[in-house]
Amino acid sequence: MMSHPILPSAVVEMLRANGVDRVKLFDADPWTVAALAGSGVQAMLAAPNDQLESLARDPRRARDWVRHNVTANLKAGVDVRYVAVGNEPFLKSYNGSFINITFPALKNMQKALNEAGFGQRIKVVVPLNADIYSSPENTPVPSAGSFRKDINDLMVDIVNFLHVNDAPFVVNIYPFLSLYQNPNFPLNFSFFDGATKPVYDQGMVYTNVFDANFDTLVWSLRKAGVPDMRIIVGEVGWPTDGDKNANVKYAQRFYSGFLKKMAKNVGTPLRPGHMEVYLFALIDENQKSVLPGRFERHWGLFTYDGNPKFSMDLSGNGKVNYLAEVKGVQYLPSQWCVFNKDAKDKYKDLPASVNYACSNADCTPLGYGSSCNGLSHDGNISYAFNIYFQTMDQDVRACSFGGLAKITTTNASQGGCLFPVQILSVSGRVVPLIFLHLSLVLLVSVFTLL
């Protein structure tokens with residue numbers, strides 16, 4: 001969901017340079033998927049939530065989907081390993097919109113893969129958010145966990161169906177969200193360095209919320225009749241902007257501890273051993289919805305231009321090094337759009353102009369606790385004008401605002417607040433602000449790093 005996409009083939013080369021051998025996509029966009037052909041990178045493709053109704057209603061849609069997105073891509077040399085049906089379809093915020101259609105869509109997709117001869121090789125999954133299970137507030141321990149009451153029967157049916165077809169349970173776990181949603185949540189329990197009071201549960205010791213959350217799912221699966229079901233963590237990560245706890249310092253602390261944990265293959269108290277985990281996300285996305293929070297646009301390990309945000313050792317061995325960046329990214333000219341302090345009646349139409357700019361570009365770094373929160377009044381205005389100017393490919397008409405703005409060749413960045421210069425979009429045009437689904441998450445397998 002980027003206004004200026006990076007060339008998929010260049011992104012794939014970056015993945016290979018960093019030893020990443022598996023990716024999870026949120027759709028099956030041909031432009032993205034084609035770049036994986038012959039790369040040796042395994043892929044999870046997906047049918048988005050807006051396709052669930054048609055897939056559930058008509059088995060022929062599932063057969064068509066498999067033919068176009070699985071069979072064709074396999075022939076082209078894409079190593080497809082999973083097909084995801086929807087993404088977090090049972091989120092509470094969806095108000096039940098997908099509850100009655102997800103399981104039928106799953107069954108139709110499985111049948112279509114079986115008919116195409118891929119049922120044993122490619123597994124159908126439903127990536128689900130951790131809000132589908134929980135423990136009671138008066139007994140907040142994993143062993144008290146179970147699936148949500150409103151979907152418990154449905155979840156029992158789904159997990160048993162997946163289990164019969166030898167498919168894993170895919171869950172998205174976000175320690176950051178535990179912190180974001182609860183002001184009383186202990187900060188250190190979000191990380192892996194043991195700097196917090198542990199939680200005890202039936203002889204098990206929990207020193208971080210990731211393990212506790214994961215094992216709550218394990219208990220839920222036990223109660224659903226599939227105690228040994230394989231679990232894949234489909235998303236885990238930490239954002240770097242858009243909230244007081246979303247910053248590079250905490251993200252680096254989170255990933256450092258998490259990757260060391262992965263390298264040691266310690267698993268969780270209930271599931272010791274190797275874990276299959278996808279890191280969310282690959283690159284920042286300036287057009288994601290901010291309804292869940294301003295941080296949604298800042299989950300990337302890489303910035304909008306394909307550069308790593310901080311040093312990181314994917315092997316988990318504690319080496320201090322930066323990831324390889326995306327090669328060949330080109331930038332627009334080094335110029336910025338800033339507030340013209342000499343404009344006549346400069347404050348007359350200012351609120352409307354700033355609102356317009358931020359309604360059509362990404363101003364989330366200006367929010368409370370964010371990287372540009374410390375700007376002056378005029379600095380906030382300049383940031384809004386510049387980010388709109390860059391989003392519009394530096395069109396001179398996008399730096400007017402009735403004379404309130406002007407173009408400068410002096411870098412307008414201030415302190416820790418970056419005033420970005422946009423990249424050349426390889427799509428050849430500015431993508432409308434609705435969305436472009438090019439989200440990626442990546443899997444780190446400590447055994448298969450190149």
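Colleague: Why is Asp393 called partly exposed?

Modeller: Asp393 has a relative accessible area of 31%. With a 1.4 Å probe and protein chains only, buried means under 20%, exposed over 50%, and partly exposed in between. Asp393, at 31%, is therefore partly exposed. Before we go on, this is a predicted model, where local features need pLDDT of at least 70, side-chain atom pairs count only at pLDDT 80 or more, and totals for chains, interfaces and linings use all residues. Residues are numbered from 1 along each chain as its sequence is written, and side-chain values use heavy atoms, with hydrogens and water left out.

Colleague: What makes the backbone of Asp393 worth a remark?

Modeller: Asp393 is not a glycine, although its phi is positive, at about 60°. This residue comes just after α11, in the loop between α11 and β14 (405-408). Helices (H or I, at least four residues) and strands (E, at least two) are DSSP runs, numbered from the N terminus.

Colleague: Where else is there a positive phi in a residue that is not a glycine?

Modeller: Asn265 has one, of about 55°. Asn265 is placed in the loop between α9 (248-264) and β12. Its relative accessible area is 23%, so Asn265 counts as partly exposed.

Colleague: How do you know whether α11 has the span expected of a helix?

Modeller: The expected span is 1.5 Å times one less than the number of residues. α11 has 15 residues, giving an expected 21 Å, and the distance from its first C-alpha to its last is 22 Å, which is close.

Colleague: And why is α11 called mostly covered?

Modeller: Of the 15 residues in α11, 13 are buried. α11 also lines the second largest pocket: this helix (residues 377-391) gives four residues, the largest share of the lining.

Colleague: What makes that space a pocket rather than a cavity?

Modeller: Both are found on a 1 Å grid over the protein atoms alone: a cavity is a set of points where a 1.4 Å probe fits but cannot get out, while a pocket is an open set with protein on both sides within 12 Å along at least five of seven lines. Lining residues have an atom within 4 Å of a point. For the volume, grid points are joined across faces, edges and corners, and the space filled by probe spheres set on the points is taken. The second largest pocket comes out at about 580 Å³. Of its 26 lining residues, Asp284, His298, Thr303, Tyr304 and Leu418 are the closest to the centre.

Colleague: How many residues of that lining are nonpolar, polar and charged?

Modeller: Nine are nonpolar, 11 polar and six charged. Here Ala, Val, Leu, Ile, Met, Phe, Trp, Tyr, Cys and Pro count as nonpolar, Asp, Glu, Lys and Arg as charged, and the others, Gly among them, as polar.

Colleague: Which residues does UniProt give to the feature "domain: X8"?

Modeller: The unreviewed UniProt entry places that feature at residues 335-419. UniProt positions are given in the numbering used here, feature names are shortened, and annotations may be inferred rather than shown by experiment. In the model, residues 335-419 are 29% helix and 9% strand, with their end C-alpha atoms 10 Å apart.

Colleague: Why is Thr216 called buried?

Modeller: Its relative accessible area is 8%, so Thr216 falls on the buried side. Thr216 sits in helix α8 (residues 209-223). Leaving out residues up to four places away in sequence, Thr216 touches Tyr133, Ser134, Ser135, Pro142 and Gly145, where contact means heavy atoms within 4.5 Å.

Colleague: How do you know that Leu279 is buried?

Modeller: Leu279 has a relative accessible area of 1%. This residue belongs to strand β12. Leu279 and Ala167 are 112 residues apart in sequence and 20 Å apart in space, C-alpha to C-alpha.

Colleague: What makes the peptide bond between Phe280 and Ala281 stand out?

Modeller: That bond is cis, with omega about 5°. Ala281 is in the loop between β12 (276-279) and β13 (336-339).

Colleague: Then why is Gly38 called exposed?

Modeller: Gly38 reaches 65% relative accessibility, so the exposed label applies. Gly38 lies in the loop between α2 (30-33) and β2 (42-47). Its C-alpha is 10.0 Å from that of Leu74, 36 residues apart along the chain.

Colleague: Is Arg60 buried or exposed?

Modeller: Arg60 is exposed, with a relative accessible area of 53%. Arg60 is part of helix α4 (residues 59-75).
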